[in-house]
Amino acid sequence: MSAALSDSDVSNALKGMDGWQHDDVYKCLRKEFIFDTFESAATFVQHIANIASDMGHYPEILMYKKGTVRITATSPEEGGITESDIALIESVEILVNN
């Protein structure tokens, strides 16, 4: 396990990662992804599940409406956002941008 990052460290880590929101009250990172179909959203969720399983670090995943997916990354057992959360969202960004 790793220690929670400071708010400034989180802000620096998010540079260049469009759309990720840092909630400093709930100490999490979140982003919504919108897909044209429910099936596309479900496929995306499966890819995220595979990435998370490989990393051993699991985000909250909410799929709603026709094709909206919200990913929330945090490490409550560590008191906030850790390097593992940053690595996870970086992997999500690589998936989305490839």
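This is a predicted model: local features need pLDDT of at least 70, side-chain atom pairs count only at pLDDT 80 or more; totals for chains, interfaces and linings use all residues.
Four strands build an open sheet. Their order is S1-S2-S4-S3, and the pairing is antiparallel. Strand S1 (21–23) and strand S3 (60–64) are the edges. Each of these two pairs on one side only. From one strand to the next, the twist averages 20 degrees.

In a regular strand, side chains alternate between the two faces of the sheet.

## Strand pairings

S1 pairs with strand S2 (residues 28–34) over 3 bridges, in the antiparallel sense. Here His-22 stands opposite Leu-29 in S2. Leu-29 also has a bridge partner in S4, namely Ala-73.

S2 and S4 run antiparallel and are joined by 6 bridges. S4 continues to S3 through 5 bridges, again antiparallel. Within this pairing, Glu-60 faces Thr-72 in S4 as its opposite residue. S3 and S4 form a hairpin, with 3 residues between them. Lys-65 sits in the turn and has a positive phi of about 55 degrees.

## Helices across the sheet

Helix H2 (residues 38–55) lies across S2, S3 and strand S4 (68–73). H2 runs at about 175 degrees to S3. Helix H3 (residues 83–97) lies across S2 and S4. The angle between H3 and S2 is about 15 degrees.

How much of S4 is buried? The strand is mostly covered, with 5 of its 6 residues buried. S4 has bridges to S2 and to S3, and both H2 and H3 lie across this strand.

## His-57

His-57 lies in the loop between H2 and S3.

## Summary

The sheet is open, with S1 and S3 at its edges. H2 lies across S2, S3 and S4, while H3 lies across S2 and S4.

Key:
Residues are numbered from 1 along each chain as its sequence is written. Side-chain values use heavy atoms; hydrogens and water are left out. Two strands pair if DSSP finds at least two bridges between them. Axes are lines fitted to C-alpha atoms, for helices over the stretch in contact, and angles run from 0 to 180 degrees between N-to-C directions. Contact means heavy atoms within 4.5 Å. Buried means under 20% relative accessible area, exposed over 50%, partly exposed in between (1.4 Å probe, protein chains only).
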